Amino acid sequence: MKNKQETADSLELLELEQFLARQDFSRDSDKAAILRQVRSRSLQEQEELKMNIKQRFRRPAMIIASLLVAGIVSVSFVRPSFAQEMLERVLMSVNLGHIEVSQMDASVPPVFPDAWKGKIFDQDGNPVNSFDPMPEAIFNAAGEAIVDFDGDKLITLSEQEQRDKEEAAHKFAVKEPAELDKYALFKVKLPEYLPEGFTFDHGEFFKGEEGVNGQVVELFFSSKEKGKRIWMQLRLANEDNAFAMSTDGTVEQVKVKGTDAVLVSGRGLDWEANGVLYGLSTRGLERAEVMKIAESIRW
């Protein structure tokens, strides 16, 4: 049985796997920012999500990057009041139509939710009641690692693993690039340029009771070099797939082949073109490489 320190160490390995596996997340691949993500929805959307797993593609009301848990992946739905508190930290916002990205003021700490007080502890059993400072790993009163939040509910590592298994049952993988267009509701365009050592690995769709959902496809690229990753998400551009996200990293409005785009921390890029929402997320690549990958896509 793992002790607290071993569990904390294992979260580092779990972080990248969960980051790539989840369909909706901040484009910022900077480790610290990824680990501070939280996503909010209305309470009604949360209930619909619980009732029907197909709702995982419903539009998120706001993705909020806060100073949350360093050392743990957190992609969660939080209460609207907390979302409002976070909105007060917005420094700037870029709107691309179906995509909106905000830069947060990292110097202003968010308010720690009252519902979490007395329920979160560090690895030594000390209560955690503030985001400043936040330990690298957190646990519940029973010493179980907390890896996510669902509203005010704390999600332990074992609970998240069960959720991941249930979600995996609804994934449909496509290994051949030429096969992607058979399932997508749009023409899937892959980068013609990839940095040395990268190759296309597979694409993933969501499969529900009605078959494969062609509105969203995730594209995964493997690398021979450890520490480097490329991931893409393509969505049919409509109101259901529109989203907003925020980060305390840098937000820069740029152009991709003359099209407005937003670059986050020099490593994540989002834009809309010809009825498709493009999201490119990288790890271990320089800004110039990220832009070159995006420029090579012939939409």
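The legends below describe close-up views of a predicted model. In this predicted model, local features need pLDDT of at least 70 and side-chain atom pairs count only at pLDDT 80 or more, while totals for chains, interfaces and linings use all residues. Residues are numbered from 1 along each chain as its sequence is written, and side-chain values use heavy atoms, with hydrogens and water left out.

**Figure 1. Overview of the chain.** The chain contains six helices and 16 strands; helices (H or I, at least four residues) and strands (E, at least two) are DSSP runs numbered from the N terminus. Of its 299 residues, 51% count as buried, where buried means under 20% relative accessible area, exposed over 50%, and partly exposed in between (1.4 Å probe, protein chains only). The accessible surface of the chain comes to about 13600 Å², and carbon and sulfur atoms hold 49% of this surface. Accessible areas come from the Shrake-Rupley method with a 1.4 Å probe; for residues, only the protein chains shown count as cover. Among contacts with a separation of 6 or more, 62% join residues 24 or more positions apart, a contact being heavy atoms within 4.5 Å.

Figure 2. Strand S14 (residues 259-264) is largely enclosed by the rest of the structure, because five of its six residues are buried. Strand S13 (residues 251-256) pairs with S14 in the antiparallel sense over six bridges; two strands pair if DSSP finds at least two bridges between them. Within this pairing, Glu252 has Leu263 of S14 as its bridge partner. The two strands form a hairpin with two residues between them. Lys257, in the loop between S13 and S14, has a phi near 50°, a positive value in a residue other than glycine. Lys257 counts as partly exposed, at 38% relative accessibility.

**Figure 3. The hairpin of S14 and S15.** Four bridges join S14 to strand S15 (residues 268-273), again in the antiparallel sense. Val264 stands opposite Gly268 in S15. Three residues lie between the strands of this hairpin. Ser265, found in the loop between S14 and S15, has a positive phi near 55° although the residue is not glycine. Ser265 is buried, with a relative accessible area of 15%.

**Figure 4. Ser281 in strand S16.** Ser281 lies in strand S16 and is buried, with a relative accessible area of 2%. The C-alpha atoms of Ser281 and Val264 are separated by 9.3 Å, with the two residues 17 apart along the chain.

**Figure 5. Nonpolar cores.** The largest nonpolar core has 30 residues, of which Leu219, Leu234, Leu269, Trp271 and Leu280 touch the most other members. Elements that give two or more residues to this core include S13, S14, S15, strand S16 (276-283) and helix H6 (287-295). H6 gives the most, with four residues. A second, separate core of 11 residues includes Val94, Phe243, Val262 and Leu277. A nonpolar core is a set of buried Ala, Val, Leu, Ile, Met, Phe, Trp, Tyr and Cys residues joined through side-chain atoms within 4.5 Å.

**Figure 6. Helix H5.** The 12 residues of helix H5 (residues 157-168) should span 16 Å at 1.5 Å a residue, which agrees with the 16 Å between its end C-alpha atoms; the expected span is 1.5 Å times one less than the number of residues. Leu157, Gln160 and Glu167 are buried in H5. The buried residues of H5 fall within an arc of 80° seen down its axis, so they line one face of the helix. The arc is that of the directions from the helix axis to the C-beta atoms.
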